[in-house]
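Subject: Structure for you to look at

Hello,

Here is the structure you were going to look over. My notes on it follow below.

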Amino acid sequence: MLSFESDYNKGAHNKILERLLETNLEARAGYGCDTYCDRAKAKIKEYCNCPGADIYFLAGGTQTNQIVIDSMLKGFEGVVAAVTGHVSAHEAGAVEYTGHKVLTVPQTEGKMQAEDLRTLLRTFYEDNNHDHMVFPGMVYISHPTEYGTLYTKKELEALYGICNEYNIPLFIDGARLGYGLMSRGTDVALPDIATLCDVFYIGGTKVGALFGEAVVFTRGNMPKHFTTTVKQHGALLAKGSLMGIQFETLFTDDLYFEISKNAIDRAEELKAVLREKKYQFYIDSPTNQIFVLLPDERLKELRKNVSVGFWEKTDEHHTVVRFATSWATTCEEIHELAQIL
């Protein structure tokens, strides 16, 4: 059975496993207060060209989104996201569970448009009753988006400009950031991300690590007593050094970017196969997530040999599915999938 269901269904890159084994019996300080975390943070700051950043390691994406949003919002504030944003659609109300509403705006190929954000903020403050409403306290986007699409540098500048105008932070979910950075044709590099938001995270779970996300507060603006907030959420990992070891490895000798490129290269090969065989694309994604519209009968046959992700039903007889390549996808797997298709 071939698996193209997700980009986090395999363990970890061998260099990470080797490094974890090499350091396994060392006694280290707990809760991320160790030399590995310190070195990993220093490397990330250098790659981001952001020496004043505060960096914190958390274990997973939903956990990271919930904690960052909860720690940066006041009790009467909510977070603005595209209607298809991960915090709105696929996190089981994790943000609302903390008492903060997700305020949605329309999406265009998964992206939030600057004019839609401005309309929401302007309309809110022009309403004489806004003191009785949930205040838009921050903006959340993901890069890549849920549809594998990417923001251009100009689009990020526009969104961040509006956030600065209204004095609210911009938070970028980077669960798949490596795949966005290595996408062919993107004009956004890691230092651009660090410049054009107040907080973002570098995803490890989906990009070669066993687990872990590196949260980067770009302006020395980590909320006061952030570790205490993490602890209150039950998310403070005693063996925090495990994340430091993984991220130090990922950001040594460009490994993070090298393995992210593998996912993009394999995705481009798969897209070429799909085009050749006349499959219908649902959206033009430039990253590692490929969305295809299939008749249900063809999908039933495909699933005898290939695991793919369900995305949505378009009508009674057709389904959109997602093929996801990853840091670990091989040329052989693409070839085998081509034969099945």
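The protein has 14 helices and 13 strands. Its radius of gyration is 20 Å, close to the 20 Å that the globule rule gives for 341 residues, so the protein is as compact as a globular protein of that length. Please keep in mind that this is a predicted model. Along the principal axes, the C-alpha atoms fill a box of roughly 60 × 55 × 35 Å.

Some overall values for the protein:

- Buried residues make up 55% of the 341.
- Of the contacts between residues at least 6 apart in sequence, 73% join residues at least 24 apart.
- The accessible surface is about 15200 Å², and carbon and sulfur atoms account for 50% of that surface.
- There are 34 positive and 46 negative side chains, with the centres of the two sets 2 Å apart.

Aromatic pairs

How many aromatic pairs does a search of the whole structure find? The search gives 18. One of them joins phenylalanine 124 and tyrosine 125 edge-to-face, at 4.9 Å centre to centre and with 85° between the planes. Phenylalanine 124 has a relative accessibility of 6% and therefore counts as buried. Tyrosine 125 has a relative accessible area of 36%, so this residue is partly exposed.

Phenylalanine 124 also pairs with phenylalanine 135, again edge-to-face, with 4.9 Å between the centres and 70° between the planes. Phenylalanine 124 sits in helix α6 (residues 114–126) and phenylalanine 135 in strand β5 (residues 135–142), so this pair ties together parts that are 11 residues apart in sequence. Phenylalanine 135 counts as buried because its relative accessibility is 17%, which falls under the 20% cut-off. Taken as a group, Phe76, Phe124, Tyr125, Phe135 and Tyr166 are linked by ring pairs into a cluster.

Helix α6 also contains glutamate 126. With a relative accessible area of 56%, glutamate 126 is exposed. The C-alpha atom of glutamate 126 is separated by 32 Å from that of alanine 92, and the two residues are 34 residues apart along the chain.

Helix α11

Is helix α11 mostly covered or mostly exposed? Helix α11 (residues 241–250) is mostly covered, with 9 of its 10 residues buried. The buried residues are Ser241, Met243, Gly244, Ile245, Gln246, Phe247, Glu248, Thr249 and Leu250. They pack against the helices α1 (14–22), α2 (35–48) and α12 (255–276), and against the strands β2 (54–58), β7 (199–203) and β8 (213–217).

Serine 183

Serine 183 is in the loop between α8 (177–181) and α9 (190–195). Its relative accessibility is 5%, so serine 183 counts as buried. Leaving aside residues up to four places away in sequence, serine 183 touches Leu150, Ile264, Pro286 and Thr287.

Backbone points to check

Most residues other than glycine have a negative phi, and most peptide bonds are trans.

- Histidine 143 and proline 144 are joined by a cis peptide bond, with omega about 0°. Proline 144 is in the loop between β5 and α7 (153–165).
- Asparagine 167 is not a glycine, yet has a positive phi of about 60°. This asparagine is in the loop between α7 and β6 (170–173). Asparagine 167 counts as exposed because its relative accessibility is 70%.
- Histidine 225 has a positive phi of about 55° and is not a glycine either. The loop that holds histidine 225 runs between β8 and α10 (226–232). With a relative accessible area of 55%, histidine 225 is exposed.

Regards

Methods:
Residues numbered from 1 in each chain as written. Predicted model: local features only at pLDDT ≥ 70, side-chain atom pairs only at ≥ 80, totals over all residues. Heavy atoms only, no water. Helix = DSSP H or I, 4+ residues; strand = E, 2+ residues; numbered from the N terminus. Rg over C-alpha atoms; globule rule 2.2 N^0.38 Å. Buried < 20%, exposed > 50% of the residue type's maximum accessible area, 1.4 Å probe, protein only. Contact = heavy atoms within 4.5 Å. Areas by Shrake-Rupley, 256 points an atom, 1.4 Å probe, with all protein chains shown as cover. Lys, Arg positive; Asp, Glu negative; His and termini not counted. Charge placed at Lys NZ, Arg CZ, Asp CG, Glu CD. Phe/Tyr/Trp six-rings, centres within 6.5 Å; stacked < 30°, edge-to-face > 60°.
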